[in-house]
Amino acid sequence: MSSDRPFDLYCPTKIKFGAGITAAAGTEVKALKGSKALVVADPGVVKAGLLDGILDSLKKENLPFAVFDQVEVNATLSSVMKASELQKSEQCDILLLVGGGSTMDTGKGVGCLATNEGPLPAYEGPEKYSNPPLPSIAVPTTAGTGSELSFGAVLYDEERNYKFSFRSSMQIPKVALLDPLLLKSLPSHVAAASGMDALSHCAESFVSKWATHFTDAYCRENFILVGKYLRRFVADPADTEAAGGMLQASSMGSMAFNTARLGLVHAMASPLGAHFHLPHGTACAVLMPAVMRFNLLACPEKYREMALLLEGVVCGNSMLDQAESGVYAVERLLDDLDMNVDIDTSLVTEEKLSQMADETLSSGMQLTNPRNVTKADVIKVYKDYFDI
């Protein structure tokens with residue numbers, strides 16, 4: 001990490017944290033001069049009753065609203081288009097995004113199309129659209145994606161069977177309401193996948209070629225919080241201390257990767273998720289050990305420190321052996337959280353691996369990976385993951 005490399009650090013989001021803080025949603029909408037809110041959520045959030053208090057807060061402030069509650073598990077382009085039609089027909093001028101990463105990504109797509117002509121895939125990549133999107137308030141109901149503070153979004157284009165990302169500093173939410181009470185009904189498998197996603201963000205930002213002293217500080221605290229709270233949180237999402245710790249770890253991950261960027265895990269996770277229908281957090285989680293082993297040569301000191309912060313110990317005499325303790329720490333988490341995924345390796349053909357490698361490299365996320373990456377490298381890491 002260079003101390004003199006120029007960088008941009010985005011911290012534009014007002015963060016409000018605390019049990020029951022979502023009662024302030026209506027007040028925050030008013031503070032942003034919103035006159036009618038589009039509330040974006042998924043069916044699970046609605047079924048769990050997580051919207052009730054938020055909608056009450058809007059009613060208390062006499063704020064009209066419309067609700068789009070058809071967000072899919074993996075955010076899709078078609079869902080964005082449906083929500084965008086509702087936003088336009090209801091003339092909503094502010095977004096209230098309640099849910100996980102798919103909800104946030106769907107909302108960011110709606111916000112973009114409200115002020116830019118599109119089509120949305122034309123904005124793939126960084127800073128491709130010019131008009132500021134609708135302002136948004138983000139209320140996470142998982143602790144992992146960090147989307148409530150990030151400038152990125154990933155959508156699945158069903159027609160192309162392809163996941164694409166669009167990124168802009170303008171689409172970072174204006175307010176994030178971090179309420180651990182909203183996580184109490186989270187299924188344990190979702191808590192596990194989202195928590196590992198939070199870890200993956202900092203595992204990549206920490207070793208990124210664009211890492212800074214600021215982002216390293218966020219990453220170190222993320223590792224401490226994940227090591228202390230993730231297992232507890234998965235065991236009991238109603239444990240508000242653990243939930244609060246993981247919410248903060250998740251947000252720190254986003255604050256790190258907004259500047260340091262991500263790496264090969266996330267570059268490879270999008271094709272893996274698209275081709276084998278894995279949720280984003282799960283895809284990132286299961287790829288981490290294979291990518292970390294590939295990266296060991298480039299940053300052993302960082303992985304050694306990661307192991308110490310996650311578990312408090314390292315094993316081995318050489319630096320590389322101690323660095324591999326970081327890989328083992330992640331593998332233990334995957335085992336403890338029952339996160340390992342069985343994929344039918346008969347479906348993993350050389351042709352498919354080649355296509356997935358091309359899609360990996362087209363993302364550009366590997367450019368900040370600590371070790372330089374070729375197509376052959378990507379295929380090898382995929383094979384290491386699939387154990388073929």
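**Reading the strands, loops and burial**

Guide: In this predicted model, strand 5 and strand 8 (residues 162–167) run parallel and are joined by 2 bridges.

Visitor: What makes strand 5 and strand 8 a pair?

Guide: Two strands pair if at least two bridges are found between them, and 2 bridges join strand 5 to strand 8, so the two count as paired. Within this pairing, Pro-126 stands opposite Arg-167 in strand 8.

Visitor: Why is strand 5 called an edge strand?

Guide: Strand 5 (125–126) pairs on one side only, as does strand 7 (152–157), and these are the edge strands of an open sheet of 3 strands, which has the order 5-8-7 and mixed pairing. Helix 5 (residues 101–115) packs on this sheet, where it touches strand 7 and strand 8, and its direction makes about 90° with that of strand 7.

Visitor: How do you know that strand 2 pairs with strand 4?

Guide: The requirement is at least two bridges, and 4 bridges join strand 2 (residues 37–40) to strand 4 (residues 94–99), so these parallel strands meet it. Ala-37, for its part, has Ile-94 in strand 4 as its bridge partner.

Visitor: What is the order of the open sheet of 6 strands?

Guide: The order is 1-9-6-4-2-3, with parallel pairing; strand 1 (14–17) and strand 3 (65–68) are the edge strands, each pairing on one side only. From one strand to the next, the twist averages 15°. Helix 4 (residues 77–90) packs on the sheet and touches strand 2 and strand 3, its direction making about 165° with that of strand 3.

Visitor: Why is Ser-136 called buried?

Guide: Buried means under 20% relative accessible area, and Ser-136 has 6%, so the word applies. Ser-136 is found in strand 6 (residues 136–140), and, leaving aside residues up to four places away in sequence, Ser-136 touches Leu-95, Leu-97, Pro-173, Lys-174 and Val-175.

Visitor: Why does Lys-33 count as exposed?

Guide: Exposed means over 50%, and Lys-33 is at 72% relative accessibility, so Lys-33 belongs in that class. Lys-33 lies in the loop between helix 1 (25–31) and strand 2.

Visitor: What makes the phi of Lys-33 worth a remark?

Guide: Most residues other than glycine have a negative phi. The phi of Lys-33, in contrast, is near 65°, a positive value.

Visitor: How do you know that His-277 is exposed?

Guide: The relative accessible area of His-277 is 61%, and the cut-off is over 50%, so His-277 counts as exposed. His-277 is found in the loop between helix 9 (264–276) and helix 10 (280–295), and the phi of His-277 is near 55°, a positive value in a residue other than glycine.

Technical notes
Residues are numbered from 1 along each chain as its sequence is written. This is a predicted model: local features need pLDDT of at least 70, side-chain atom pairs count only at pLDDT 80 or more; totals for chains, interfaces and linings use all residues. Side-chain values use heavy atoms; hydrogens and water are left out. Buried means under 20% relative accessible area, exposed over 50%, partly exposed in between (1.4 Å probe, protein chains only). Contact means heavy atoms within 4.5 Å. Axes are lines fitted to C-alpha atoms, for helices over the stretch in contact, and angles run from 0 to 180 degrees between N-to-C directions.
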